[in-house]
Amino acid sequence: MSPLDAAPPSSAPRINPLQRIWLREIGMERLWLRPAPAAPRPAVAPPAEVSRQAAPVPPPAAMTEAPAPMPPAAPQAAAGPAAEPAPARPGVPASILNRSGPPPRPAPKAEAKAAEPPPIPVAEAVKNSNLEQLAEQVVACTACGLCQGRRHAVFGQGASPTRWLVVGEAPGEQEDRQGQPFVGRSGQLLDAMLSAVGMSRERDVFITNVIKCRPPGNRNPKPEEIAACSPYLMRQIALLKPERILVLGRFAAQTLLGTDATIGSLRGRIHQLKTDEGAEIPVVVSYHPAYLLRSPSEKARAWQDLKLASRTL
Ligand code: SF4
């Protein structure tokens, strides 16, 4: 079958055999039967391989309904606690870049604070002090816990050089307030007792205590407080060089004489205190004025003690 017998393209007008013969005769058959120019073909997506190389592939319908495209990366400052720390930038502290992180540590000081030297024991600190320096050391002393509750450390008061050194136990409330030893009613009674034997607080006597700071509630000083403070008293004795020591009260007598004997067994006789320089100082024990105020009947014995001290002069 000749190509002319073939069925015309579907786009050619349909003709019958007679019409075909007639068209052949006039030489129009080919023209008539030539298919019409093809209509512009719709765009067809190129093969996948080509599209990957030449043009972006439009997303399939399923993907167009997918979740919205990822937003641009959030800045680091808005990231949650688990966000990676921001990369270091030259000249910018990491703590500024990573604000959600832990607070910055303080930079170590260039020079570490030098370790505090151990405190010098009181006995070592006072061994070369004069009386004025010793008073300054007592006022500034923190060698035991009594420094924490004191208003004033009570160094002592009186004549220097002195004839009698009067030693009490520890400051009471009034002494702590005023910074002076034996004030108030006890102090007035002591002044009267001294005056009875011709002694004056200002002229002949230096008055102090074994403990320089008031124990809370006037409790008895603890052994460690006595041990810390007694070097001040020993230095006062060495500097004042008293002719006599009058010790008032059980606690002061036991501390100064190094005994736990009762005050009843210690009073009524002369004791000797040996100093570091080898000298011996007579010591007389008597009742504390505060005790005499509570027990006036004991004033007669206290008077005997004062006469004993006066006789030994
Ligand atoms: Fe220093 Fe004596 Fe006072 Fe204690 S009681 S802080 S050792 S002065």
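Colleague: Is Arg 267 buried or exposed in this model, and what is its relative accessible area?

Modeller: This is a predicted model, and the values here are computed from it. Residues under 20% relative accessible area are taken as buried, so Arg 267 falls in the buried class with a relative accessible area of 14%.

Colleague: Which residue forms a salt bridge with Arg 267, and where in the chain do the two residues of the pair lie?

Modeller: The closest N and O atoms of the salt bridge between Arg 267 and Asp 305 are 3.0 Å apart. The pair links distant parts of the chain, 38 residues apart, with Arg 267 in the loop between α12 and β5 and Asp 305 in helix α14 (residues 299-311). Asp 305 counts as buried because its relative accessibility is 1%. The residue that forms the salt bridge with Arg 267 is therefore Asp 305, on helix α14.

Colleague: How many salt bridges does the count come to, and which residues are linked in a network of them?

Modeller: The count comes to 10 salt bridges. One of them joins the side chains of Asp 204 and Arg 163, at 3.9 Å from N to O, and this pair links distant parts of the chain, with Asp 204 in the loop between α9 (184-196) and β3 (205-209) and Arg 163 in the loop between β1 (157-158) and β2, 41 residues apart. The residues linked in a network of salt bridges are Arg 163, Arg 203, Asp 204 and Glu 243.

Colleague: Why does Asp 204 count as buried, and how does Arg 163 count?

Modeller: Asp 204 has 5% relative accessibility and so counts as buried. Arg 163, at 33% relative accessibility, counts as partly exposed.

Colleague: What is the distance between the closest N and O atoms of Arg 219 and Glu 225?

Modeller: Glu 225 is buried, with a relative accessible area of 5%, while Arg 219 is partly exposed, with a relative accessible area of 27%. These two residues form a salt bridge, and the closest N and O atoms are apart by 2.8 Å.

Colleague: Why is strand β4 described as largely enclosed by the rest of the structure?

Modeller: In a regular strand the side chains alternate between the two faces of the sheet. In β4 both faces are covered, with Arg 244, Leu 246 and Leu 248 buried on one side and Ile 245 and Val 247 buried on the other. The strand is largely enclosed because the number of buried residues in β4 (residues 244-248) is 5 of the 5.

Colleague: In which sense does β4 pair with strand β2 and with strand β6?

Modeller: Strand β2 (residues 164-168) pairs with β4 over 4 bridges, and Trp 164 stands opposite Arg 244 in this pairing. Strand β6 (residues 280-286) also pairs with β4 over 4 bridges, with Val 247 opposite Val 285 in β6. For β2 and β4 the sense is parallel, and for β4 and β6 the sense is likewise parallel.

Colleague: Which residues of helix α11 are buried, and what covers them?

Modeller: What covers the buried residues of α11 includes β2, α10 (223-240), β4, α12 (263-266), β5 (270-274) and β6. Just after this helix, Gly 258 takes a positive phi of about 65°. The buried residues of α11 (residues 250-257) are Phe 251, Ala 252, Ala 253, Gln 254 and Leu 256.

Colleague: Over which residues is the pLDDT below 50?

Modeller: The protein averages a pLDDT of 78, and 68% of the residues score at least 70. Beyond near neighbours in sequence, the stretch of residues 1-6 has 5 contacts in the model, and the stretch of residues 42-100 has 18. Where pLDDT is low, the predicted coordinates should not be read in detail. The pLDDT is below 50 over residues 1-6 and over residues 42-100.

How values were computed: Residues numbered from 1 in each chain as written. Predicted model: local features only at pLDDT ≥ 70, side-chain atom pairs only at ≥ 80, totals over all residues. Heavy atoms only, no water. Buried < 20%, exposed > 50% of the residue type's maximum accessible area, 1.4 Å probe, protein only. Pairing = 2+ DSSP bridges. Contact = heavy atoms within 4.5 Å. pLDDT = per-residue confidence, 0-100. Salt bridge = Lys/Arg side-chain N within 4 Å of Asp/Glu carboxyl O.
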